[in-house]
Amino acid sequence: MTSVERVPEDQIVVEGLTGDAAIAHALKQCDLDVLAAYPITPQTIIVEDYQKFAANGEVDAKVIPVESEHSAMSACVGASAVGARVATASASAGLALMWEVLYCASGMRMPIVFTVANRALSAPINIHNDWSDTYGARDSGFIQIYCQSGQEAYDTTIMAFKIAEDHDVLLPIIVAIDGFILSHNVERVEMLPTEAVHKFLGKRVPFIALDPTKPITMGPLALTDYYFEFKQQQIDAINAVPDVFKKVEAEFEKMTGRKYGMFETYKTEDADIILFTHSSPGGTAKAVVDALREQGEKVGVLRLRMFRPFPAKEIAEAVKHAKAVVVFEKCLSFGAPANPLAMEVRTALYDLEKRPMVTDFVIGLGGRDVPPTTIVEGYEKTKEYLKKGKAPFFETLGVRK
Amino acid sequence: MTLDFSKGITEFRWHGRGGQGVVTSNQMLGKAALAEGNYIQAFPEFGPERTGAPVRAFLRISKKPIQVYAQVYAPDVVVCIDPTLLDVVNPAEGLKPEGTLVVNTVNEPTDIRKKFGFDTGKVVTVDASTIAMEVMGRPFYNMPTMAAAVKFTGIVNAETVINEVLGRYPGKVGELNKTAMERAMKEAKVG
């Protein structure tokens, strides 16, 4: 580990940036070798801004303007294989088109940083936010971290390289923000001096790299003889993420004073009911908790950041005292007994001796606004279910029925 | 049970039409507030992005980090930059009783109060369309309307906002906007 120092205040630049621009500025400072991407709303500003930096000679990276997202991720895999530091960005249909190559990136252990402005999937065509795109990539072997604010997106993008490139991990990582709600929202963002980011990250040290003078083959074929062993190694790699994440974040905190954790707990210690969500609703839920606490309600929030690997044990520990956990999620798994986030939570709590009730509310699909009142509605419903001792597997909120 | 989800936050809602600079002026005001040491959120409501269609934008300003991520439903300030919208939308909808309604119109504050039944708070009118045409020769009335809002809400200093505008539009365009804004602040009526 490199030694980092606290960045003096007078070296910090404060700017009003959209979530996308905050990520683009972070990428600018991360000393990339290659960025390969295809623009798609609402992440377009990331690629546009980065291309501008490249055109102005502000970064040394090679930008590959590919003809599709399938090619974008393929180019990232190739570049990463020769030892380059690599990033891309996408959303929705673009992410869906990368599908096949996502598994190549993780199976070949390429530490690619993939920033996503979460957007709904067609049909009907919708450019707005929900989590169907990255939840769809749930099982692809990518690490997944979801951010609430522009500052957090900037910080997490920087840390993502250090987590992914650690030799105990060597996995691709998704850093996600809510499309439009954050990607196009101008917020106050504190930026570090570039030299500090360079020092924090160092140069990527590949574990093994493609080199014409010492030819090797990566990811060619493993059948019944070895495929399973490769997957076993991926299990070990993703299980190593929490320790590496904590180490990286501790160092980042030394440099900035900021840390976020695998999840954030807000007024949960004495809470009877804990609201459980991530990204922008995670912020709104905290505002709801403040308002409800003034009415004497014992309620808190667990705002998840790391969805993969899912910190199941830590979460069980953080919520086990509560009577109920109220999940709010922006994704459907059609025909499933519950939806992706609630399934994780129910699994995490299953082995507890005394399990909190888990309710599941699907919200905000296709960018439907999630006002604080929607969160309050889920909370009130859960209180009723607690009285009855019974709750449905899941419900939708904020939709015409 | 009445719940306040925006304690310590000043919330703006803008009404305009696609292409009139609602998103830009919202961001400029936000960045001016940021320059004065505030936390902000400045975001538009993205629909089908058609020129001329009614659009809205939202701004939050706070001394502390802002947690709530949703549209603004009970604004402290509403700014309507297009006079033709007054027959299409109700700008006073959800406006806090003690809030401020700023309208680009040739009419008087009392006319606007009567039209929307808003009989508390403040109503500010400014003929930003005429000002823009006379000063800039083009219908850029977002900045003069914003100037009227800045003067009568006092949340951000006019000088800071003008500096933002000059920074974004250096040279003649910025200077003309500044002249239009200063004139709007003089001519705006409150009632």
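The contact between the two chains takes 22 residues from chain A and 21 residues from chain B, two residues being in contact if their C-beta atoms, placed from the backbone, lie within 7 Å. The side of chain B that touches chain A draws at least two residues from each of helix H1 (22-35) and strand E2 (39-44) of chain B; helices (H or I, at least four residues) and strands (E, at least two) are DSSP runs, numbered from the N terminus. E2(B) gives the largest share of that side, 6 residues. By residue class, the side of chain B that touches chain A holds 14 nonpolar, 5 polar and 2 charged residues. Ala, Val, Leu, Ile, Met, Phe, Trp, Tyr, Cys and Pro count as nonpolar, Asp, Glu, Lys and Arg as charged, and the others, Gly among them, as polar.

This is a predicted model, in which local features need pLDDT of at least 70, side-chain atom pairs count only at pLDDT 80 or more, and totals for chains, interfaces and linings use all residues. Residues are numbered from 1 along each chain as its sequence is written, and chains are lettered from A and ligands numbered from 1 in the order in which they are written.

The elements of each chain are as follows.

From the N terminus, the order in chain B is β-α-β-β-β-β-α-β-α-α-α-α-β. The radius of gyration of chain B is 15 Å, close to the 16 Å from the globule rule for 191 residues, so chain B is as compact as a globular protein of that length. The radius is taken over C-alpha atoms, and the rule is 2.2 Å times the number of residues to the power 0.38. The C-alpha trace of chain B spans about 50 × 40 × 35 Å along its principal axes.

In chain A, 53% of the 401 residues count as buried, that is, 20 or more other C-beta atoms lie within 10 Å of their own, with C-beta atoms placed from the backbone. Of the 191 residues of chain B, 50% are buried. Among contacts in chain A between residues at least 6 apart in sequence, 80% join residues at least 24 apart.

Within chain A, the axes of helix H1 (residues 19-29) and helix H2 (residues 44-55) come within 8 Å and cross at roughly 40°. Axes are lines fitted to C-alpha atoms, for helices over the stretch in contact, and angles run from 0 to 180 degrees between N-to-C directions. The residues in this contact include A:Ile23 and A:Leu27 of H1(A) and A:Ile46 and A:Phe53 of H2(A). They divide into 8 nonpolar, no polar and 3 charged.

How values were computed:
A residue is buried if 20 or more other C-beta atoms lie within 10 Å of its own, exposed if 12 or fewer, and partly exposed in between; C-beta atoms are placed from the backbone.
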